[in-house]
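Trainee: I am new to this one. Could you walk me through a sheet and a pocket?

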Amino acid sequence: RPHILLLLIGTHQFLQCWIAFGSVNEEGQKQEEFSEELLLKPLPDHKLLAHSHSQSSAPPSTSNGCHHHLFPKAISQLVQKFRVKEMELSFTQGRWNYESWGGFDPISSSNAKPPGVELWAVFDVPQHHIDASWKNLTHTLSGLFCASINFLESTATYSTPEWSFPPASGNVRYGTLPCEAVCTENLTPWLKLLPCRDKAGIALLLDRPSLYRGFYHSQRLHLTSTGSSSEGIDSGIILEQTLTVVLQPNSEMAIEVHASEKHIQPSWSLSSIFGKQVSGRYVLAKSSSVYLLLDRGLVAELKFPNKENGKSAANGLTSENFWSNPSFELSANPDRIFLEESSSHSKSLSILYMFQVEKYSESEPFDIGLMWKVPVAWFCQKTPLHASRFLMGSGNERAAIAISLKSTQFTEGFMSANSKDGSCELRVDVFQVVPWYVKVYFHSLRVFVDQPRAVSDIIEKIHVSPSKDKMSPGVMEVVLKLPCRVNTAALTIEFDKGFLRIDEYPPDANQGFDIPSAIISFPNFHASMEKCPVMSYTEVLLVPLTTPDFSMPYNVITITCMVFALYFGSLLNVLQRRVAEEERFLKAKAAKKTGRLPLLLSKLSAKLRGRRLEPLHSPPSSSSFINSKLVLKVILVAGLAVGWQYFFS
């Protein structure tokens with residue numbers, strides 16, 4: 001039996017490897033591939049960023065058809081049926097802290113999403129078929145991810161951006177659900193798209209209780225269709241699945257050793273954060289790696305022996321004895337060390353340690369840990385301008401939306417380097433969508449800058465799409481050209497609060513109505529080598545609208561039902577009452593009151609005379625009393641009916 005079991009296990013692994021990594025097929029086509037990686041990054045506010053990235057690719061093929069080895073079949077069918085060229089779907093719980101966690105790196109620019117659900121898609125279909133494809137796509141995704149994405153099917157919930165998505169060229173649709181709750185029901189379908197789910201490889205660390213204890217949680221799905229699906233050739237698809245979590249490490253050792261230190265960073269390890277270890281890579285994965293990123297601000301503040309000799313921080317952290325530096329200690333030696341290329345926006349560089357998971361196994365699992373020795377304080381690189389949004393005004397009739405832009409340390413360094421001739425400009429793109437029940441007056445748009453400039457010099461171009469009642473939301477896209485030395489800038493726009501029908505209010509109407517986050521992007525700044533523009537999301541606004549008293553319909557229904565019950569109950573009681581039975585009941589009752597002795601005497605007298613005993617008759621007053629009572633009831637009910645009809649007519 002042991003030999004047979006070993007033979008079966010070996011055959012199974014061989015078949016898996018043959019399916020995944022088999023050589024080029026007879027037609028010379030590439031095979032499907034899957035790779036996974038995990039990025040860990042310490043944050044300044046004693047937290048840890050964990051970013052999981054998985055990529056599945058299915059090349060164009062004429063033979064695969066509906067069968068796939070590694071790529072999820074549901075995504076392939078979705079792309080082929082609705083002709084999706086590019087799509088991104090995100091489920092987010094919490095809000096990304098741009099001030100503490102940074103906003104200039106690729107993670108914050110591409111994976112920091114607004115609360116709730118965000119969906120945008122680009123279709124490769126004619127213009128008159130885009131709305132139908134979007135509707136079918138939302139219903140499919142709603143069933144696939146167990147969410148309320150089907151609420152985005154209505155034209156009143158999605159918009160058509162013009163400039164915010166450059167590759168769209170008019171075929172893009174964008175929609176958000178800020179109030180959508182994110183839970184494990186959305187994470188489980190997301191994990192099912194992985195070839196190994198959460199049973200092997202790096203995905204084994206995705207423990208649900210650990211993930212949802214974090215301060216921020218965002219799961220993202222981005223797919224790109226490479227090629228055309230014409231002439232019987234299935235288009236190639238690249239599917240990227242990312243999971244970004246901000247966690248709080250629980251390190252009792254760091255608290256005991258450095259209890260008196262103010263800026264001590266908590267020590268952590270994979271087992272202490274996720275409660276699990278990585279027991280090797282997934283057998284079907286092409287690559288499986290774990291990275292540890294030290295931000296450029298952290299590298300500039302770390303202590304190392306070479307700093308006194310005039311060498312840079314990067315040289316000290318990438319030398320052979322990096323694990324013995326006085327600032328921190330790693331529990332495992334990295335396989336490779338990457339140094340960021342020189343940046344014109346910052347003097348310091350970031351360090352990336354790479355750990356290959358394929359060297360480890362179940363007998364020797366991988367558990368990277370970081371032990372801090374001294375307190376360290378630093379700042380992450382922020383966006384060129386910090387954006388925040390808030391409401392102005394009071395009452396239930398009119399208000400205004402304000403977007404504030406404030407300069408950061410990054411902006412000051414950029415200004416000093418590029419404003420020698422005084423003609424430096426900073427481009428800012430603003431994309432704002434408002435629901436139809438928020439009546440925005442676009443002519444009231446005002447821009448405030450702390451430096452005197454003409455309006456034509458600040459607003460380069462603007463695109464406005466007014467909202468239509470119950471038909472489409474309002475869309476505003478503005479391109480601003482701000483001077484490089486700007487300190488503060490603000491945009492304000494006024495709106496009226498609309499009125500809804502009683503059946504259009506949500507169940508929690510008293511909580512308020514959400515206005516989706518605005519997108520602030522900086523096209524002249526890129527967060528990675530892939531030319532990913534720096535962008536940030538503002539807060540979700542909560543607008544209180546005039547809400548009716550939903551208890552009044554209940555009260556009216558209750559009173560109406562009570563009156564009808566009294567009316568028809570009394571009427572039926574009068575009509576169905578039997579008067580003869582009541583008279584017999586009253587006669588029997590009167591006979592009982594007379595006593596037994598007179599009854600016995602009357603019976604004895606009747607026997608002596610040889611006559612039959614006649615029943616006792618009740619007095620006529622009793623019958624007249626019953627008749628008068630019946631008449632009064634009928635008159636009362638008739639009067640109530642007449643009064644009811646007169647009052648409501």
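This is a predicted model: local features need pLDDT of at least 70, side-chain atom pairs count only at pLDDT 80 or more; totals for chains, interfaces and linings use all residues.

Trainee: How many bridges pair β11 with β14?

Mentor: Strands are DSSP runs of E, at least two residues, numbered from the N terminus, and two of them pair if DSSP finds at least two bridges. Here β11 and β14 (residues 369-372) have three, in the antiparallel sense.

Trainee: Which strands form the open sheet, and in what order?

Mentor: The order is β9-β14-β11, with antiparallel pairing. β9 (268-269) and β11 (328-330) each have a single partner strand, so one side of each lacks a neighbour in the sheet.

Trainee: Where does the second largest pocket lie?

Mentor: A pocket is an open set of points on a 1 Å grid over the protein atoms alone, where a 1.4 Å probe fits, with protein on both sides within 12 Å along at least five of seven lines; lining residues have an atom within 4 Å of a point. This one is lined by 30 residues, with T157, L177, C179, Y437 and F513 nearest its centre. Domain 1 (33-253 + 263-303 + 324-372) and domain 2 (385-410 + 423-550) both contribute lining residues, so the pocket lies between them; the domain bounds come from an automatic or database assignment.

Trainee: Which strand gives the largest share of that lining?

Mentor: β6 does, with four residues.

Technical notes. Residues are numbered from 1 along each chain as its sequence is written. Side-chain values use heavy atoms; hydrogens and water are left out.
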